Amino acid sequence: MEQHPEVFRKRGSARAVQWERAGLEWLASASAHGGARVVEILASDASQLCLEQISPVAPSAQSAREFGAALAVTHSAGTGRESEAGRRSFGLGPIDASGTAFEGDGFQGPAGEQLPLPLAREGEFTSWGAMFGDLRLAPLVRASGDLFDADDRALFGRLVSRLRDGVFDDDDPPARVHGDLWAGNVLFDAHGAVLIDPTAYSGHRLDDLAALTLFGAPHLAHMFEGYESAHSLTHDWRELIPLHSLHLVLLHAALFGGGYAREALGIARRYV
C-alpha cells in the first residue's frame, strides 16, 4: 500500500482484519441516520487496515453531549437483520458493507492478547441476560484459569443462572453496540467524537454505557445527558451499570489478573 502521512495502519491476521472491518462498517452504517461517527476505512488487505488518522483535541461538554445523543441513534439501529429471529436476537456479530454477516467467533482484548468473542446464531438468544451469561461471562470465567476458586466459580454460576432466568432483562430490543467502548476508544477531533477499535455485536445499550464508566470517560455526565435526550433509559439503569460492565472487567481479569479478579467478584456479589 502506498505510504501516506495521514493514514493509520493497523496490522493483524486476515480474520482479525475482517472482524474489525465488519464492526466498523456495521457501526458506520448508522452514521448516515445520525449515529455516532466511526473512523473511516481508507483501504485494507489480508494483513492490515488503513484508517484515517485522527488528530485528537480535548472534548467539550457540548461535544460529549452530541456524542451521547449520536450513540443512542447507533444503538437504535439494531441488528440490521431482516428476519424476525434476526431482529430479536442478542449476541449476533456485525454485518459488513457488502451485507455479509460475520460468522464464528470474533475477537476481544488488545492486539496480540486477544481472546475469542463467542457470537450467537440468529434466534439462539432472544433475551439479553441469557446471552450475557452464556456468551460473555461464563467463557471468561473459564478462561481465567486458577484466578477463581470453586466458591468463586459457584458465585458466577449463580449469577449466570439469574441472568438466564431474565431477572435483569427489560423490553429493550437488541442494540447495535460497539462492545469495547472505554474512553480510549472514543476519540475527539475538531468535528466531534469518533469511534475506533470495536468489538461489535447485538447487545444491550447499557453494555456500552457501562464501558464508558470503567476508566473515566471525559464529561461522562454530559454524555449520559445527551444520550437520554435521544433515548429514555429505564429508571434503574444506573444501578445496573456495574452488572453490564462485568464482561469487560472479567476480560481484564482473564488477560491481566490481579485486582480485576477481585473487582469482578465484588460486582457479581451485588447481583446474586
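Predicted model: local features only at pLDDT ≥ 70, side-chain atom pairs only at ≥ 80, totals over all residues.
What does Leu 250 belong to? The largest nonpolar core has 77 residues, and Leu 250 is among those with the most contacts inside it, together with Phe 67, Leu 159, Leu 209 and Leu 212. Helix α8, which covers residues 237–256, gives the most to this core, with ten residues. As a general point, nonpolar side chains in soluble globular proteins tend to be buried together.

Now step back to the whole chain. The protein chain holds nine helices and nine strands, and its C-alpha trace spans about 55 × 40 × 40 Å along the principal axes. Buried residues make up 52% of the 272 residues. Among contacts with a separation of 6 or more, 73% are between residues 24 or more positions apart.

The accessible surface of the protein chain comes to about 12,100 Å², and carbon and sulfur atoms account for 50% of that. As for charge, there are 23 positive and 36 negative side chains, with the centres of the two sets 3 Å apart.

Two more residues are worth a visit. Leu 51 sits in strand β3, residues 48–52. Its relative accessibility is 5%, so Leu 51 counts as buried, the cut-off being under 20%. Leaving aside neighbours within four places in sequence, Leu 51 is in contact with Glu 6, Val 7, Phe 8, Leu 24, Val 39, Glu 40, Ile 41 and Leu 42. How far apart are Leu 51 and Arg 9 in space? From C-alpha to C-alpha the distance is 6.3 Å, although 42 residues separate Leu 51 and Arg 9 in sequence.

Glu 20 lies in helix α1, which runs over residues 14–28. Is Glu 20 buried or exposed? Glu 20 counts as buried, because its relative accessibility is 9%. Its contacts, again without residues up to four places away in sequence, are Lys 10, Leu 49, Asp 197 and Pro 198.

How values were computed: Residues numbered from 1 in each chain as written. Heavy atoms only, no water. Helix = DSSP H or I, 4+ residues; strand = E, 2+ residues; numbered from the N terminus. Buried < 20%, exposed > 50% of the residue type's maximum accessible area, 1.4 Å probe, protein only. Contact = heavy atoms within 4.5 Å. Areas by Shrake-Rupley, 256 points an atom, 1.4 Å probe, with all protein chains shown as cover. Lys, Arg positive; Asp, Glu negative; His and termini not counted. Charge placed at Lys NZ, Arg CZ, Asp CG, Glu CD. Core = buried A, V, L, I, M, F, W, Y, C linked by side-chain atoms within 4.5 Å.
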